[in-house]
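Hello,

Here is the structure I said I would pass on. Please open it first, then read the notes below with it on the screen.

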Amino acid sequence: MSIRLNVNGHEHQVTADPQTPLLYVLRNDLGLNAAKFGCGLGQCGSCTVVIDGEAVFSCVTPIMLLQGRRITTVEGLGSIESPGPLQRSFIELQAAQCGYCIAGMMMRAYALLEKNASPTDADIRRSLEPNLCRCGTHMRILAAVKRAAELRQVSAFR
Amino acid sequence: MSPAVKITRRDFCASGGALIVSFSIGVPRPTRAEAARLPGSLSKAPYLDAWIRIDAAGAVTVFTGKAELGQGIKTAIIQIAAEELEVEPASIHLVTADTALTVNEGYTAGSHSLQDSGTAIRNAAAQVRELLIGAAAARWQVDASQLRARQGAVMASGGRSLGYAELVAKEFLHVQAQPQSKLKATQDFQSMGRSMQRVDIPAKVTGGAAYVQDMKQPGMVHARVVRPPSPAAVLTGLDSSQVEAMPGVIKIVRDGNFLAVVAKGEFQAVQAMRKLTAAAQWSEHASLPPQDDLPAFLLALPAEVAVVIDQGSGPASAAPEPDSRTLEATFTRAYQCHASMGPSCAVALLQGDSLTVWNHSQGVFPNRAALAELLDMPVEKIHAIHTEGSGCYGHNGADDVVADAVLIARTLPGVPVRVQWMREQEHMWEPFGPAMVTKVRATLDVQGRVADWRYELWSNPHGSRPGPAAALLPARLLARPFVPNPARVRISPEGSGDRNSVPLYAFPGKHVQWHFLKDMPIRVSALRSLGAYMNVFSIESFMDELAQAAAEDAVAFRLKHLQDPRARDVVELAAKKFNWAGKMPPRHGKGFAFARYKNLASYCAIACEVSVEFETGTIRMVRAVAAIDSGEIVNPDGIRNQTEGGILQSMSWTLYEAVKFDDTRITSTDWSTYPILRFASVPDSVDVHLIPRPGQPFLGAGEAAQGPAAAALANALANALGKRLRDIPFSRERVRAALFS
């Protein structure tokens, strides 16, 4: 099956089995490394991407559902040369140890911040609940999301 | 560099060989015994250019045999090298564990990286700096003491300078290290001792190819393994014809109970794996211990008793003093998972008679030796390159998946093969952290001091790493399986299952025994901190019980028994920053614990507050305050990050984690059957306070929090409930049972 996918604002024509989870297409067909295989079961959130504003487990989302949907990954938040607010805040607060879960955390946070520009600490905790971190970086992840909200507001007022 | 060494201009202008000769004359070449006394891992590789090279353009490359595991070692090593070399950290190119390029520094484990590699590189860098100064002195015909190195150049008064590029010649650094180095003093640090942002994080937050999981090579194919359904299962039938006909499938690899499928696309490999799993018929056999009666089972296993310490006071049977009191308790711990977020992954490529493997093993050199034995290949024909994976926290599936990859890649010469485990494979087949039982009995004298301490632990060994091919899971599955040699008990200063089983406290009598269980009913190996987690949990829980019996405050009781001033300092700092004397709200409790990791690495004290929902048995750590002394500090934020992580991970182990199994199968197969910490249960705050120790050796900080965090939590829970839990994990059922008992 051939399908058009809109990823980070770019249109891609992808040929794959319609059941293929989006994660494999992102990583292998489109060369986007950020979303990670963690469980393939929708239990850990390492694969989280944002589809039409909602945080979604890309490991269990078949591409056949995604024609015409807007998909955002960490690569869409900025680049190493020009990092976006979430990327800057995670670097600033050193909110990673091994970092394997972090791209998923950032996308979960991105979905939250798009809907709620000034989340409370409780909002942030609640929104990140589906995502797991094994290194115990939770405190820094929470702080980085809070900081990203501030950075976004600063950019918005500029 | 020794002032006795004179480098003449003629020496310098001559070939590098001549320079070495001049050193050989000026300074005797170290004997093997002397090399053994070189600092850190320099003893393994005494030539400076094994660690540091500077090319004709002045570019600095630093080589470490240790690997980045997400602990921030790359950054710390760069800070150290930059400091002593007097160059900008950003100008350093760092090469990590690679069998073709770096020194064999064994495993990146045991909080040893800074102690071994950091010390070697610090000393090597200082000696390289002094060699460069010496070379400039020779060039300018001045005394070296008038010169200093700065910003990648040697400077003289009056503004003269020579860049390192102008000073190095071929073989310039092919010089043996000296035992003494002119190390910079802490107050002169520009790079060390300051928080530096981790060099690996930018790529990790922007979608860079940061992990072996992200590796792509031209023509690379994807493989998945099919594991047996249970540890003792035997493959009895397989009709793979349907799988072979699936789109993209390249081949099926079978050898005994080892089964794998290779496909062009990754998801094709996953689909083929599922079908192959359904097609395989296994004969299963009950081989696992009874989950519900695990402590009794462990206590009944044949054991070799090893004495860890036997110090002071008479035999156990001696009549205790009148008015002394003896207390005893038993503690248990379940099997626990490393449970890395990313399933293990490796890429292997066989070209001619040479094999290259990219993998996230903690020890690419020892793992390479195991692969050579497995494949019956000369070890030098295998090039193993550490490529970062998900955090491992010890010996997880990292080594095994490389074996999977090479067993498949040897059937596909010229084709890079990428293998990644599935979630259930990681959970079911990683070597677990061993289940343990400990028993402690102590006597309090009339002054409320511990007079005698007797402690026994029952545990498997905690290190089943390669070395031998039989340490690799796939090697055990082959038609001609590799069979592990029986484990042997060894008592060492660092310890294994017995790590931290000797309390640091000044007790007149200390008697510690390890009932070493060599039979391994479930495969186990090193999990972050090894036995220290359980031993510190047991010791520090019992210290609270003794303090209570002596009617003393938990912190005061510890201080009464602590003589080491650095130990006292972390205890006092943690207590102060926590406000230990403060009152707790209802249904909250406070707990304290301390240990010096391995009794020879970092000192760490932790105080924490927990809240308990009595109705549900739900426990939450509300806040934790830690104080840690890791010797000379390289990256303060790195130590904080590791300690915060250690506290949260240990809390997760302690509150939630137990591998589940029936008599045949491991039934913890994913995050729903092996739950870990989630955000709802994360504390409100975790504060880590560092005690700097200028001029002291690096102590290694990565594992120091595991034991104290568990014990502080246990003690806080006992404080809140008025009942003590001695069995890890503190599940809600156990909390409720304690409440209603």
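This is a predicted model: local features need pLDDT of at least 70, side-chain atom pairs count only at pLDDT 80 or more; totals for chains, interfaces and linings use all residues.

After helix 15 of chain B comes Ala551(B), whose phi is positive, near 55°.

Two other helices of chain B pack against each other. Helix 11 (residues 364-375) and helix 12 (residues 398-409) of chain B meet at an angle of about 35°, and their axes are 10 Å apart. Their crossing is right-handed. From helix 11 of chain B, the contact uses Asn367(B), Leu371(B), Leu374(B) and Leu375(B). Helix 12 of chain B brings Asp399(B), Val402(B), Ala403(B) and Val406(B). Sorted by class, this contact has six nonpolar residues, one polar and one charged.

Chain B has an open sheet of four strands in the order 21-22-23-24, with mixed pairing. Which strands stand at the edges? They are strand 21 (588-596) and strand 24 (685-690) of chain B; each has a single partner strand, so one side of each is left without a neighbour in the sheet. From one strand to the next, the twist averages 15°. Strand 22 (residues 603-613) and strand 23 (residues 618-629) of chain B pair in the antiparallel sense, over 11 bridges. To find one bridge on the screen, select Glu609(B), whose partner in strand 23 of chain B is Arg623(B).

A few places in the backbone are worth checking. As background, most residues other than glycine have a negative phi, and most peptide bonds are trans.

- Ala339(B) has a positive phi, near 50°. Its place is in the loop between strand 13 (325-333) and strand 14 (345-351) of chain B. Ala339(B) has 28 other C-beta atoms within 10 Å, so it is buried; the cut-off for buried is 20 or more.
- Asn579(B) also has a positive phi, near 60°. Asn579(B) lies in the loop between helix 17 (565-578) and strand 21 of chain B. With 11 other C-beta atoms within 10 Å, Asn579(B) is exposed, since the cut-off for exposed is 12 or fewer.
- Ile728(B) and Pro729(B) are joined by a cis peptide bond, with omega about 5°. Pro729(B) is in the loop between strand 25 (727-728) and helix 20 (732-740) of chain B.

Last, the contact between the chains. It takes 48 residues from chain B and 47 residues from chain A. On the side of chain B that touches chain A, the elements that give two or more residues are helix 7 (201-204), helix 9 (266-279) and helix 18 (636-656) of chain B. Which of these gives the most? Helix 18 of chain B does, with eight residues. By class, this side of chain B has 21 nonpolar, 18 polar and nine charged residues.

Regards

How values were computed:
Residues are numbered from 1 along each chain as its sequence is written. Chains are lettered from A and ligands numbered from 1 in the order in which they are written. Two strands pair if DSSP finds at least two bridges between them. Axes are lines fitted to C-alpha atoms, for helices over the stretch in contact, and angles run from 0 to 180 degrees between N-to-C directions. Two residues are in contact if their C-beta atoms, placed from the backbone, lie within 7 Å. Ala, Val, Leu, Ile, Met, Phe, Trp, Tyr, Cys and Pro count as nonpolar, Asp, Glu, Lys and Arg as charged, and the others, Gly among them, as polar. A crossing is left-handed if the near helix is turned anticlockwise from the far one by less than a right angle, and right-handed if clockwise.
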